[in-house]
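Work through the exercises below with the structure open beside you. Try each task before reading its solution.

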Amino acid sequence: MSKIYYFSNVGRIRIIVLIFITVLSFSIKSISQETDSTLAYEYFDLFIVNEYSDSAQARMYADSGLYFAQQSGSNYVLGKAHQFIGWNFQDLSLYEKSRESFFTSLAYMKKTGNKQAIGDAYGNLGNAFLDLKDYQKSLDYQLLSLDVSEEILSTFPTGDKLENAKLGKTYSLHNIGAIYQEIEMHNKGLEYALKSLQFEEESNNLLGIAISCASIGNVYNKLSKIDSTIYYFKRALSIYESGDIGDS
C-alpha cells in the first residue's frame with residue numbers, strides 16, 4: 001500500500017491557493033469563450049441584416065463573426081462562421097470560394113456530431129455545386145441533406161429540433177426540385193415539388209405551401225399545362241395576399 005504524503009501547514013496553504021487559481025482560470029476561460037460565442041452570433045445577425053443591401057458591410061460582419069468564433073474555440077460556431085462567409089461569396093458570384101467555405105463549414109459541423117448542422121452543411125454544398133452547374137454533385141448533396149432531416153424526423157423530435165428538421169426537409173425538397181428543373185427533367189422536378197407541397201400541408205407551413213405552389217405552377221407552365229399552371233399560381237398568390245404567412 002502506498003504511503004499518504006502529509007503536507008505541512010505552509011504546504012497546505014500553497015496547495016489551496018494553487019487549486020483556487022486553477023479553478024478561477026478555468027472559470028474565466030469559460031466565461032470568455034461564452035462571451036466570444038455571443039459576439040460571434042451578434043455579428044452573424046448583422047450579416048443577415050446587411051446581406052443583400054451592402055455586401056461589403058456583410059463581409060465585414062462575417063469576418064468579425066469568424067474572428068470571435070475562432071476565439072470561442074467552438075466547432076459549431078466556427079462551422080456557422082464559415083457558412084456565413086460562404087453565403088457572402090455566393091452573393092458575390094464567387095462560387096468556387098463559396099464551395100470551399102461550405103466544405104470548411106461541413107468539416108467543423110462533423111466534429112460536433114450535430115446531425116442537423118451536418119445536414120444543413122450538405123444543403124449549402126448542394127447549392128454551391130448548383131451554382132457551378134455541377135448538377136450531379138448538387139443532387140448528391142441535397143439528397144444527403146434530405147436523408148439527414150428525414151432520419152431526425154423519424155426519431156419523433158420535439159421543440160426546436162423538430163422545427164429545424166422540418167425546415168431542413170423543406171429546403172432539401174425545394175432544392176432537389178429546382179435541380180431537376182434546371183436540367184429540364186420537368187416530370188422529376190414536378191415529383192419533388194408535389195412531395196414538398198404535401199409535406200408543407202402536413203406541417204401547415206403557409207410560406208412553404210406558397211413556394212411549393214409557385215414551383216409546381218412553374219413546372220406545369222414548362223410542360224404547357226395551362227389550367228394547372230393558373231391553378232397553382234393563383235393558389236400561391238392567394239396565400240401571399242392573405243397576409244397570414246407571418247403567422248404560420
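**Exercise 1.** Find the residues that Phe68 is in contact with, leaving aside its neighbours within four places in sequence. Then decide whether Phe68 is buried or exposed.

*Solution.* The model is a predicted one.
Step 1. Locate the residue: Phe68 sits in helix 2, which covers residues 55-72.
Step 2. Apply the contact cut-off, heavy atoms within 4.5 Å. With the neighbours within four places set aside, the contacts of Phe68 are Asp36, Leu39, Ala40 and Tyr43.
Step 3. Tyr43 and Phe68 are 25 residues apart along the chain, and their C-alpha atoms are 9.0 Å apart.
Step 4. Compare the accessibility with the cut-off for buried, under 20%. The relative accessibility of Phe68 is 17%, so Phe68 counts as buried.

**Exercise 2.** Describe the overall make-up of the protein: how many helices and strands does it have, and what percentage of its residues are buried?

*Solution.* 
Step 1. Count the elements: there are 10 helices and 0 strands. Read from the N terminus, the order is α-α-α-α-α-α-α-α-α-α.
Step 2. Turn to burial. Of the 248 residues in the protein, 39% are buried.
Step 3. Look at the contacts with a separation of 6 or more. Residues 24 or more positions apart account for 54% of them.

**Exercise 3.** Examine helix 5: compare its length with the expected span, and explain why it can be called largely enclosed.

*Solution.* 
Step 1. Helix 5 contains 17 residues, and the distance from its first C-alpha to its last is 25 Å. At 1.5 Å a residue, 24 Å is expected, so the two values are close.
Step 2. Inspect the two ends. After the helix comes Lys133, which has a positive phi near 60°.
Step 3. Count the buried residues. They number 12 of the 17, so helix 5 is largely enclosed by the rest of the structure. Among them are Ile118, Tyr122, Leu125 and Phe129.
Step 4. Find what they pack against: the buried residues of helix 5 meet helix 3, helix 4, helix 6 and helix 7.

**Exercise 4.** Characterise the largest pocket: what is its volume, and which helix supplies the largest share of its lining?

*Solution.* 
Step 1. The volume of the largest pocket is about 840 Å³.
Step 2. Its lining has 30 residues, and those closest to the centre are Gln83, Trp87, Asp120, Asn124 and Tyr171.
Step 3. Sort the lining by helix. Helices that each supply at least two residues include helix 1 (9-50), helix 3 (75-91) and helix 7 (159-182). Helix 5 gives the largest share, 8 residues.
Step 4. Sort the lining by class: 11 residues are nonpolar, 15 polar and 4 charged.

Notes:
Residues numbered from 1 in each chain as written. Predicted model: local features only at pLDDT ≥ 70, side-chain atom pairs only at ≥ 80, totals over all residues. Heavy atoms only, no water. 1 Å grid on protein atoms, 1.4 Å probe; cavity = no way out; pocket = protein on both sides within 12 Å on 5 of 7 lines; lining within 4 Å. Points joined across faces, edges and corners; volume = space filled by probe spheres on them. Helix = DSSP H or I, 4+ residues; strand = E, 2+ residues; numbered from the N terminus. Nonpolar A, V, L, I, M, F, W, Y, C, P; charged D, E, K, R; others polar. Buried < 20%, exposed > 50% of the residue type's maximum accessible area, 1.4 Å probe, protein only.
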